[in-house]
Amino acid sequence: MSVREAFSLDDALRSLENVQLAKVSGRLVRVSGLLLESLGCQRMTGQRCLVEQGDGSMLEAQVVGFDRDITYLMPFKKPVGLTAGSRVFPAKDEAVLHIDESWLGRVVNGLGEPLDELGKLDGRDVLPTELPNVHPLRRQPVSEPLDVGVRAINSMLTLGKGQRVGLFAGSGVGKSVLLGMITRQTKADVVVVGLIGERGREVQEFLLHSLGPEGLKKAVVVVAPANESPLMRLKATELCHSIAAYFRDQGNDVLLLVDSLTRYAMAQREIALALGEPPATKGYPPSVFGLLPELVESAGNGDAIRGSLSALYTVLAEGDDQQDPVVDCARAILDGHIVLSRKLADVGHYPAIDIAASVSRCMSQVTSPEHQAAARKLKELYSTFEKIREMIPLGGYTPGMDGKTDRSVQLAPRIERFLRQEVRDEAEFEQSVAALTKLVKSPA
């Protein structure tokens with residue numbers, strides 16, 4: 001044997017060490033609704049697997065639980081032709097997303113895959129797979145007002161950079177329209193939008209009418225419509241927060257919009273119930289009310305002096321019930337809530353913001369005492385008039401009996417005009433405060 005042949009044989013023998021003689025796989029033993037059960041493919045919770053489908057393609061799924069030898073999987077996408085005994089393979093590498101400024105102007109799904117057919121996404125930095133976490137003693141306080149371009153909010157419910165606010169309303173009261181107004185008019189370097197569990201037609205409408213070409217240039221849109229799996233809706237919501245936190249830590253003022261937080265809670269409810277977790281309040285398992293604070297706490301300001309992350313979540317009050325469990329939980333963990341009233345929407349008052357039922361918990365930190373006094377005065381006049389509104393046509397109000405009531409009645413038309421705003425109109429923060437001060441100081 002020649003020296004060359006000996007070296008070739010040695011190389012061949014050494015290469016056998018790296019040859020995988022058997023490919024580890026499990027098998028599918030049961031499909032129950034959204035849940036897949038497998039044997040023989042042991043993975044940690046949160047890790048991913050590939051399930052062989054009837055057409056030969058691979059379905060990506062994530063481990064969401066286990067029971068002795070059975071591993072519970074949840075697919076990211078709709079399964080196609082699964083059969084008993086379908087092979088289940090552990091995913092070789094966990095998906096890692098890379099991000100930078102090239103993500104701006106793009107539309108992605110919950111896995112970070114592009115939906116806009118503009119090519120593959122990549123970047124110089126690794127995007128963490130876990131929700132961002134900021135030490136509470138290092139988080140920068142809310143100290144500057146956030147101009148959202150809506151007069152009623154800027155003047156009466158002033159928001160701050162780094163604040164997390166809920167937009168509470170029933171269906172068809174104008175949440176998405178108001179969200180579009182805020183998206184277009186808020187002064188922010190980067191806008192991250194999560195369209196979670198909503199109608200598919202709203203995606204294109206939001207891109208065309210709410211964001212527009214100019215707004216899209218500084219935005220990242222994450223989409224998981226109602227026909228996506230609950231796991232995908234969960235991943236999309238968490239991806240929004242990771243993207244927003246990344247741009248915040250780069251020193252940008254970021255606005256995060258999530259429509260809606262309720263669909264996120266419903267997605268977790270579907271998963272938890274499929275795993276056998278007992279329902280508690282109105283069908284929601286306890287794990288839902290543990291995940292919501294974890295999600296919300298990942299938003300807000302970071303530990304760097306530069307950069308902020310303001311978050312706005314829409315919350316669906318089913319049947320206009322302000323005591324709905326998700327509404328009640330969101331009210332407790334957010335830094336304020338803006339309530340949209342069906343009563344106002346029914347009479348054509350838009351945006352249908354009920355200033356008496358709404359509150360911004362950071363307003364006192366970002367506004368002057370004079371501004372706060374003017375807002376309290378207007379809210380007092382508004383509430384006084386609302387108490388006697390229905391009595392006026394019936395002759396139950398007599399002028400001259402009470403000076404405060406008389407003033408509220410006389411200023412009511414001007415207050416109503418002040419709180420209304422057309423969809424395409426923009427009301428800057430300074431203009432809104434000046435108009436508020438002028439209104440409360442004006443003679444009746």
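Predicted model: local features only at pLDDT ≥ 70, side-chain atom pairs only at ≥ 80, totals over all residues.
Local features need pLDDT of at least 70, side-chain atom pairs count only at pLDDT 80 or more, and totals for chains, interfaces and linings use all residues. Residues are numbered from 1 along each chain as its sequence is written, and side-chain values use heavy atoms, without hydrogens and water.

The unreviewed UniProt entry lists residues 161–344 as "domain: AAA+ ATPase"; such annotations may be inferred rather than shown by experiment. Over residues 161–344 the chain is 46% helix and 21% strand. Helices are DSSP runs of H or I with at least four residues, strands runs of E with at least two. The end C-alpha atoms are 28 Å apart.

Take helix α6 (residues 261–274) and helix α7 (residues 286–297). Their axes, lines fitted to C-alpha atoms over the stretch in contact, come within 9 Å and cross at roughly 140°. Leu-261, Tyr-264, Ala-265, Gln-268, Arg-269 and Ala-272 in α6 meet Ser-287, Val-288, Leu-291, Leu-292 and Leu-295 in α7 (heavy atoms within 4.5 Å). By class, this contact has 8 nonpolar, 2 polar and 1 charged residues.

Now the strands. Pairing requires at least two DSSP bridges. Strand β6 (residues 87–90) pairs with β1 (residues 26–32) in the antiparallel sense over 2 bridges. There, Arg-27 has Arg-87 as its bridge partner. Strand β3 (residues 48–52) also pairs with β6 in the antiparallel sense, over 3 bridges. Val-51 is bridged to Val-88 of β6.

Methods: Axes fitted to C-alpha atoms, helices over the stretch in contact; angles between N-to-C directions. Nonpolar A, V, L, I, M, F, W, Y, C, P; charged D, E, K, R; others polar.
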